[in-house]
Amino acid sequence: MRLRGAGLRFGPRRLWEGLDLDVAPGEFLAVLGPNGSGKTTLLRVLLGLQGLSEGTVEVAGRPATRGSRLIGTIPQQTSFPADTPLRGRDLVALGIDGHRWGPRIFGRKAVDARVDQLLDKVGASDYADRPVGTLSGGEQQRLRAAQALADDPRLLLCDEPLLSLDMHHQQGVSALIHRQTEERDAAVVFVTHEINPILQYVDRVLYLAGGRFHIGTPREVMTGEVLSELYGSPIEVFNSNGRIVVVGIPDAVAHHHGEDKG
Ligand SMILES: Nc1ncnc2c1ncn2[C@@H]1O[C@H](COP(=O)(O)OP(=O)(O)OP(=O)(O)O)[C@@H](O)[C@H]1O
């Protein structure tokens, strides 16, 4: 996917501007930033659900459009109502494009086999036949991950997919998403508040804060100097046992620098 001179504002508030970004096949991009900095909105732009205020956005060489079959998404977590009339395996099957995997070409058995394979990958086989509304947040989230991968997307958009997963399943789902980059050459855009669980997989970071951004490798972006500049106040970054510890992020800064002054 490719953004050129991309800018987005809502009324007087600027989320970001002048954003040039290419995410190549096989690349894993982490998007970080405080609440309200525009991370989810960026995913909506790539999905063709939100227009840019300026600049251009392309996915696989074409302007972003709704309903692209090239894109898989793991949306920000919401819970299914308890009476949702779907089992876990039905949810995963919904991610399978009938034209590619459906009965006419591969037969029902092939679809079922594909669903079983995906359920197994996210460790959801044991609860696949229970109604989704009765599952825990983390169990539901693993099903969403399986659904997003069902159609072998070229671009995988993940909005805090590890939220409410325990450590074991955080590792499992992160590894699964990363495997799409290695084995399927998919590009991944991964919105997260916490880089450590995916640090080993991240090629580059897009850090959004206060109407500004910085793009680079984790080593380049996750530094006291860069974050202090983005947030406009002193921040320290420590590396400890392969983890990044950020100290001093101020509360409620997201829009401070984003306000236009006139
Ligand atoms: N259609 C819209 N009209 C007006 N404001 C909007 C619209 N969509 C998003 N916003 C605002 O843009 C800002 C960025 O929202 P977004 O959801 O992208 O933030 P985020 O970085 O994903 O935050 P969080 O970490 O809390 O999920 C928010 O303040 C939101 O209210």
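Predicted model: local features only at pLDDT ≥ 70, side-chain atom pairs only at ≥ 80, totals over all residues.
User: Why are the buried residues of helix 1 on the same side?
Analyst: Helix 1 spans residues 39–46, and its buried residues are Lys39, Leu42, Leu43, Val45 and Leu46. They lie on the same side of helix 1 because the arc they cover around the axis is only 155°.

User: What covers the buried residues of helix 1?
Analyst: The buried set includes Leu42 and Leu46. The cover includes strand 3 (28–32), strand 4, strand 7 (155–159), strand 8 (187–191) and strand 9 (204–209).

User: Which strands are the edge strands of the open sheet?
Analyst: The sheet has 4 strands in the order 2-1-4-5, with antiparallel pairing. An edge strand pairs on one side only. The edge strands are strand 2 (13–22) and strand 5 (62–63).

User: Which residue in strand 5 stands opposite Val59?
Analyst: Strand 4 (residues 54–59) is joined to strand 5 by 2 bridges, and the two run antiparallel. The residue opposite Val59 is Arg62.

User: Which residue in the turn between strand 1 and strand 2 has a positive phi?
Analyst: Strand 1 (residues 2–10) runs antiparallel to strand 2, with 6 bridges between them. Leu8 stands opposite Trp16 in this pair. The two strands form a hairpin with 2 residues between them, and the turn residue with a phi of about 60° is Gly11.

Notes:
Residues numbered from 1 in each chain as written. Pairing = 2+ DSSP bridges. Buried ≥ 20, exposed ≤ 12 C-beta atoms within 10 Å, placed from the backbone. Arc of directions from axis to C-beta. Contact = placed C-beta atoms within 7 Å.
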